[in-house]
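These are my notebook entries on one protein structure. I set down what I looked up, entry by entry.

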Amino acid sequence: MKKSAIAGLAVGGVALIALAAGYGTGRRYYKDHLFSGTMINGVDCSNMTADMAKDELQYEMDHYQLTVSERGGLEDTLIGKDMDFLFTDSGEIDRILSEQNINTWFVKVSGEKNYEIENDFTYSEEKLETLVREFQCFKEENIIQPENAVPVLTGDAFTAQAEKEGALIDQETVIAAVKEAVLTDENTLDLDAAGLYTEPAIRQDNPELLARIDNLNSMIAADVTYDFVDVQFHLEKAELANWFVSAEDGTVSVDRDQAAAWVRNMAYETDTFGLAKDFTTSYGVTITLEGGGDYGYCIDQDATVDQLLGFIDAGETIVTEPIYLYTAMDRSGNTIGNSYVEICISTQTLWLYWNGELITSTPVITGSDTKGYSTPSGSVWAIDGKKNDWNFTTFPNAWSKWWMPFNDQVGLHDARWQSASYYEIPGYYIDSGSHGCVNIPDAPMEQIFYYMEIGYPVVVYYSVDQVVGPVPFNDLISG
């Protein structure tokens with residue numbers, strides 16, 4: 001043979017011997033090593049023995065992370081080692097290794113070979129739960145109660161104020177979700193996206209809420225103003241809204257107690273019945289009539305509350321007056337107005353005014369002080385009656401053509417038993433006056449009877465310096 005041919009055969013033989021040696025070495029190596037590119041449960045176990053692969057899987061267990069996202073940008077991370085994660089060998093890795101065809105190792109060393117084995121592991125549930133309970137979402141400063149959508153008054157109408165999600169979550173619910181994420185090898189858990197937070201029970205688009213708002217808007221439509229001439233009481237929308245009470249079935253009603261309180265305050269501010277009043281006398285001196293008497297305005301509070309609730313129920317727009325128990329002649333100022341009878345006891349004088357004009361003034365005879373029948377003074381009373389041809393049954397032959405009581409048994413009347421001269425005697429009334437009534441000559445009494453009606457005021461004062469005079473010590477008797 002030629003030398004070149006012999007040399008070629010020699011080189012080829014050496015190469016075959018080398019290949020055979022390499023092949024044998026590979027077979028021996030992969031007998032107890034996993035092929036290159038072997039991935040077990042996503043972990044690269046290339047060229048590892050079974051024990052090395054198990055250690056690698058345990059390493060991954062130790063460094064497992066679960067990041068938990070919470071509301072408010074909060075975040076907590078759990079680490080496998082902190083929960084005592086322990087890989088449990090179920091024989092799967094040994095099985096993979098034993099099933100490798102080492103005879104074909106040279107074609108298996110390239111490319112990935114992915115295996116998913118039973119992810120058997122154990123962990124400390126106690127440690128997991130302890131770690132979860134320390135999450136930021138459970139700290140007091142991060143707990144926010146959810147708020148339902150509610151009706152709110154915006155301007156003149158109710159709208160739905162959007163619900164507030166808050167940040168309230170149950171610990172046991174989170175623990176269960178974390179355990180599930182761990183068992184399924186998740187690396188992230190979004191508590192909000194998982195729907196674990198406590199939600200508001202009523203949202204802005206809740207049909208029952210919207211129906212309730214419609215009902216509220218029909219009730220808030222009422223626009224009620226009580227007019228007292230010199231002052232007005234307007235029921236503001238915001239005030240009215242505070243009166244609405246919702247029942248469990250969603251129906252809305254008006255709290256009568258709150259409406260009554262509003263009417264009670266209005267009465268307190270405007271009632272004048274029996275209260276002190278400033279009065280300018282015919283002498284040009286302004287005096288203060290003390291409280292008492294029975295003249296002035298007094299609201300019938302129960303009836304006015306019923307009236308007001310009716311306006312609200314009807315959604316009515318109205319300017320009106322309250323319902324009164326007692327009324328007077330003038331709603332403004334001191335309510336006496338400019339049509340009245342004025343009596344000064346110390347001067348025994350009476351004045352009759354009509355629409356601000358003096359109709360007449362006359363001497364009178366009032367109750368006897370010494371006999372205990374002093375005519376009550378220092379206040380204003382309303383005329384209670386108006387009678388023609390009146391017999392005073394207490395006294396025989398005591399008859400008057402005109403009788404106008406204003407304070408129980410005390411009244412204005414003519415007195416035919418009083419001589420005209422008696423009206424001119426100064427101080428005559430002190431010893432010889434009436435039993436409490438105001439005796440008036442015929443002509444002015446007829447004028448009073450003509451001009452004055454039931455309800456008109458009679459102002460009685462002792463003097464401009466002493467508003468209240470002597471107090472009677474006997475029962476006053478008409479006549």
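Entry 1: I looked up the accessible surface and found that the protein exposes about 24800 Å², with carbon and sulfur atoms supplying 50% of it. Such areas come from the Shrake-Rupley method with a 1.4 Å probe, and for residues only the protein chains shown count as cover. I note that this is a predicted model, in which local features need pLDDT of at least 70 and side-chain atom pairs count only at pLDDT 80 or more, while totals for chains, interfaces and linings use all residues. Residues are numbered from 1 along each chain as its sequence is written, and side-chain values use heavy atoms, with hydrogens and water left out.

I then turned to the charges: the mean positions of the 28 positive and 76 negative charges are 16 Å apart. Here Lys and Arg count as positive and Asp and Glu as negative, whereas His and the chain ends are not counted. The place of each charge is NZ of Lys, CZ of Arg, CG of Asp or CD of Glu.

**Entry 2: overall form.** I recorded twelve helices and 28 strands in the protein. Both are DSSP runs numbered from the N terminus: helices are H or I with at least four residues, strands are E with at least two. The radius of gyration is 53 Å, well over the 23 Å that the globule rule gives for 479 residues, so the protein is more spread out than a compact globule. This radius is taken over C-alpha atoms, and the rule is 2.2 Å times the number of residues to the power 0.38. Along the principal axes, the C-alpha atoms fill a box of roughly 185 × 40 × 40 Å.

Buried residues make up 42% of the 479 residues; buried means under 20% relative accessible area, exposed over 50%, and partly exposed in between, with a 1.4 Å probe and protein chains only. Of the contacts (heavy atoms within 4.5 Å) with a separation of 6 or more, 69% are between residues 24 or more positions apart.

**Entry 3: helix 10.** I compared the length of helix 10 (residues 301–314) with expectation: its 14 residues should span 20 Å at 1.5 Å a residue, and its end C-alpha atoms are 20 Å apart, which agrees. The expected span is 1.5 Å times one less than the number of residues. Its buried residues are Thr304, Val305, Gln307, Leu308, Leu309, Phe311 and Ile312. Gly315 follows the helix, and its phi is positive, near 60°.

I found two of these residues again from another side. Val254, in strand 14 (residues 252–254), is in contact with Leu309 and Ile312, as well as Met219, Trp243 and Phe244, leaving aside neighbours within four places in sequence. Val254 and Pro200 are 54 residues apart in sequence, and their C-alpha atoms are 26 Å apart in space.

**Entry 4: positive phi.** Most residues other than glycine have a negative phi. Asn41 is in the loop between strand 1 (38–40) and strand 2 (43–44). Asp185 also has a positive phi, near 60°, and is found in the loop between helix 6 (171–183) and strand 10 (188–190). Asp185 is partly exposed, with a relative accessible area of 44%.

Entry 5: Is Thr349 buried or exposed? I found that Thr349, in strand 21 (residues 349–354), counts as buried at 17% relative accessibility. Beyond its neighbours within four places in sequence, its contacts are Tyr283, Glu342, Ile343, Cys344, Thr362 and Val364.

Tyr423 lies in the loop between strand 26 (410–414) and helix 11 (428–432) and counts as buried at 8%. Not counting residues up to four places away in sequence, Tyr423 touches several residues, including Pro363, Val364, Ile365 and Pro441. The C-alpha atoms of Tyr423 and Thr349 are separated by 9.6 Å, although the two are 74 residues apart along the chain.
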